[in-house]
Amino acid sequence: MTSDAYYGCVMHALSTESEEIMGLLVGHVEKEGERKDIAHVSAILPLKRVDKRKDRVEPLPEQLSMAADAAQGMSEQAGKKLSVVGWYHSHPHITWMPSHVDCRTQGTMQLMEDTFVGIIIACFQQRSISATSTEEKRQAASTAERVQITCFRAVEHGPAFEALYVPLDILPTVAPSRTVSEQLVDIPELLFKEEQSALELAISQSGEQDVVALLHNISVYTQALCSIMDIFAVPMLQSLQCCIEDYGRRKTSLSKEKARLQKRLAKLKETNAKKHTVV
């Protein structure tokens, strides 16, 4: 997995700690021998949750179909064939280990594509610090907010599925991925649409005649939008601004190195020309 795709997964997972989020992994599968396949993940496709729950998410068939079309569009942009190679979701406040629902979902995915993989991002894992010494407290505090990630597949075990863990390598990205950046920018809009759907559902259930319920639903909706802006959109913009500044410093450094090399090359050419003149 590229560092850009990993960053996108983590940013999406940290967008909410009350329910799980989900998305799809885009890339290609490389065959190595008869029994070994390597999935290369280079982009993500965040998905809208139809039913927001704190303990489970499952992609809908129509979402998978739309994702296949989106991956084809990414292929044209990247200049190479890309497809949906897996899915990811978050585990807020719980362990990184796949649940029986996760294993069942993963097993279902593998029926459509045998090389399909699943990734879980465990976050918001506040732990109670019961250490006594200062060093133990420091170490416990350093792991209290750590994001944990795991990759898995599902294997049949009787009537159910069990998790089979897969090695996961995060590869540094030489250049920022435009595709992942665009997907990151789209996440706030996706979260806004989820809240809009929740508001419309609440209004349809309570009716517009109940003014008190209507005001309550609108207030909850407004609070949710402010929370998205505060927790996700603003930090994301700050992070992107830091990236722009970092790339600017790298550009300046590379420009200086380019000028130094050009100057050195000019001297070498001058020296070489003098040698030829003497001969």
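**View 1. Lining of the largest pocket.** By class, 13 nonpolar, three polar and six charged residues line the largest pocket. Ala, Val, Leu, Ile, Met, Phe, Trp, Tyr, Cys and Pro count as nonpolar, Asp, Glu, Lys and Arg as charged, and the others, Gly among them, as polar. The model is predicted: local features need pLDDT of at least 70, side-chain atom pairs count only at pLDDT 80 or more, and totals for chains, interfaces and linings use all residues. Residues are numbered from 1 along each chain as its sequence is written, and side-chain values use heavy atoms, without hydrogens and water. Of the 22 lining residues, Asp37, Ile38, Ala39, Val166 and Pro167 lie nearest the centre of the largest pocket. A pocket is an open set of points on a 1 Å grid over the protein atoms alone, where a 1.4 Å probe fits, with protein on both sides within 12 Å along at least five of seven lines; lining residues have an atom within 4 Å of a point.

**View 2. Strands around the largest pocket.** β1 (22-32), β2 (36-46), β4 (117-123) and β5 (148-157) each supply at least two lining residues. β2 gives the most, six residues. Strands (E, at least two residues) and helices (H or I, at least four) are DSSP runs, numbered from the N terminus.

**View 3. Asn217 in helix α6.** Asparagine 217 lies in α6 (residues 211-278). Leaving aside neighbours within four places in sequence, asparagine 217 contacts (heavy atoms within 4.5 Å) Leu199, Ala202, Ile203 and Ser206.
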